[in-house]
Amino acid sequence: MSRRTCWICKKCRDKSKRPPSNLTLEEVLQWAQSFEKLMATKHGPVFYAAYLKMEHSEENIKFWMACETYKKIASRRSRISMAKKLYKIYIQPQSSREINIDSSTRETIVKNIQEPTQTCFEEAQKTVYMHMERDSYPRFLKSEMYQKFLKTIQSNNNS
């Protein structure tokens with residue numbers, strides 16, 4: 001674990017600070033059932049993002065969440081602006097948060113952002129989702145962070 005401790009870990013250590021009252025044991029247990037269930041819960045993506053930050057691979061979840069927001073943009077002008085921003089941050093080679101996608105997907109995005117549609121990042125988003133599901137998610141479930149949090153919420157549930 002890195003020297004800097006995330007806010008979630010601090011909550012786990014400090015007995016007086018309990019997890020959000022609307023975070024249930026059932027939700028935390030769902031996170032271990034599947035990556036899809038983790039991402040579908042209210043607090044799962046936030047907790048998973050904190051883990052990825054500690055693992056120095058937070059660009060994946062940030063890109064995935066940004067794509068979810070992007071898909072909801074109705075205004076053409078806003079979509080163009082956001083598409084350029086997503087490209088600059090996550091797709092452009094050598095960018096500070098470059099995601100791991102193949103060159104053909106990258107080239108398709110470059111073409112599509114000239115007149116971006118709501119689905120122009122879809123292939124990259126699927127790729128990133130698959131990377132998280134296959135690589136980071138199994139490590140997340142075994143991580144000290146998740147295991148401690150699970151024990152904390154179980155003990156809070158029993159009190």
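A residue is called buried when its relative accessible area is under 20%, exposed when that area is over 50%, and partly exposed in between, as calculated with a 1.4 Å probe on protein chains only. By this rule Trp64, at 14% relative accessibility, counts as buried. The model shown is predicted, so local features need pLDDT of at least 70 and side-chain atom pairs count only at pLDDT 80 or more, while totals for chains, interfaces and linings use all residues. Residues are numbered from 1 along each chain as its sequence is written, and side-chain values use heavy atoms, with hydrogens and water left out.

**View 1. The aromatic pair of Trp64 and Tyr129.** Rings of Phe, Tyr and Trp (for Trp, its six-membered ring) pair if their centres lie within 6.5 Å, and a pair is stacked when the planes are under 30 degrees apart, edge-to-face when they are over 60 degrees apart, and tilted otherwise. The structure holds 16 aromatic pairs. In the pair of Trp64 and Tyr129 the ring centres are 6.1 Å apart and the planes stand at 40°, so this pair is tilted. Because Trp64 lies in helix α5 (residues 58-70) and Tyr129 in helix α8 (residues 122-142), the pair ties together parts that are 65 residues apart in sequence. Helices here are DSSP runs of H or I with at least four residues, strands are runs of E with at least two, and both are numbered from the N terminus. Trp64 and Tyr129 also belong to one aromatic cluster, whose other members are Trp31, Phe35, Phe47, Tyr48, Tyr51, Tyr137, Phe140, Tyr146 and Phe149.

View 2. A nonpolar core is a set of buried Ala, Val, Leu, Ile, Met, Phe, Trp, Tyr and Cys residues joined through side-chain atoms within 4.5 Å. The largest such core has 44 residues, and those with the most contacts inside it are Trp31, Tyr48, Phe63, Ile91, Phe121 and Phe140. At least two residues of this core come from each of α2 (25-30), α3 (35-40), α4 (44-54), α5, α6 (76-91), α8 and α9 (144-158), and the largest share, 7 residues, is supplied by α4. In soluble globular proteins, nonpolar side chains tend to be buried together. When neighbours within four places in sequence are left aside, Tyr48 is in contact (heavy atoms within 4.5 Å) with Phe35, Leu38, Met39, Ile61, Met132, Ser136, Tyr137 and Phe140.

**View 3. The buried side of helix α6.** Arg79, Ile80, Met82, Ala83, Leu86, Tyr87, Tyr90 and Ile91 are the buried residues of α6. These buried residues pack against α5 and α7.

**View 4. Arg106 and its surroundings.** Arg106 is found in helix α7 (residues 103-112) and is buried, with a relative accessible area of 13%. A polar atom of its side chain lies 3.4 Å from the backbone oxygen of Ile101; a polar contact is a pair of N or O atoms within 3.5 Å, where, within protein, one must be able to donate a hydrogen and the other to accept it, and residues adjacent in sequence count only if both atoms are side-chain atoms. The side chain of Arg106 also meets that of Glu98 in a salt bridge (3.3 Å, N to O), a term that stands for a side-chain nitrogen of Lys or Arg within 4 Å of a carboxyl oxygen of Asp or Glu. Glu98 is partly exposed, with a relative accessible area of 29%. Beyond neighbours within four places in sequence, the contacts of Arg106 include Ile91, Gln92 and Pro93.

**View 5. Gln118 in the loop between α7 and α8.** Gln118 has its place in this loop and is partly exposed, with a relative accessible area of 35%. Its side chain reaches the backbone oxygen of Ile73 at 3.0 Å, and a polar atom of that side chain lies 3.1 Å from the backbone oxygen of Lys71. Not counting residues up to four places away in sequence, Gln118 touches Tyr70, Lys71, Lys72, Ile73, Ala74 and Arg79. Gln118 and Arg76 are 42 residues apart in sequence, and their C-alpha atoms are 9.5 Å apart in space.

**View 6. Two salt bridges that involve helix α8.** A search of the whole structure finds 7 salt bridges. In one of them Arg139 pairs with Glu55, the closest N and O atoms being 2.7 Å apart, and this pair links distant parts of the chain, with Arg139 in helix α8 and Glu55 in the loop between α4 and α5, 84 residues apart. Arg139 is partly exposed at 41% relative accessible area, and Glu55 also counts as partly exposed, at 24%. Glu122 forms a salt bridge with Lys126, where the closest N and O atoms are 3.9 Å apart. Because Glu122 and Lys126 are 4 residues apart in helix α8, they are separated by about one helical turn.
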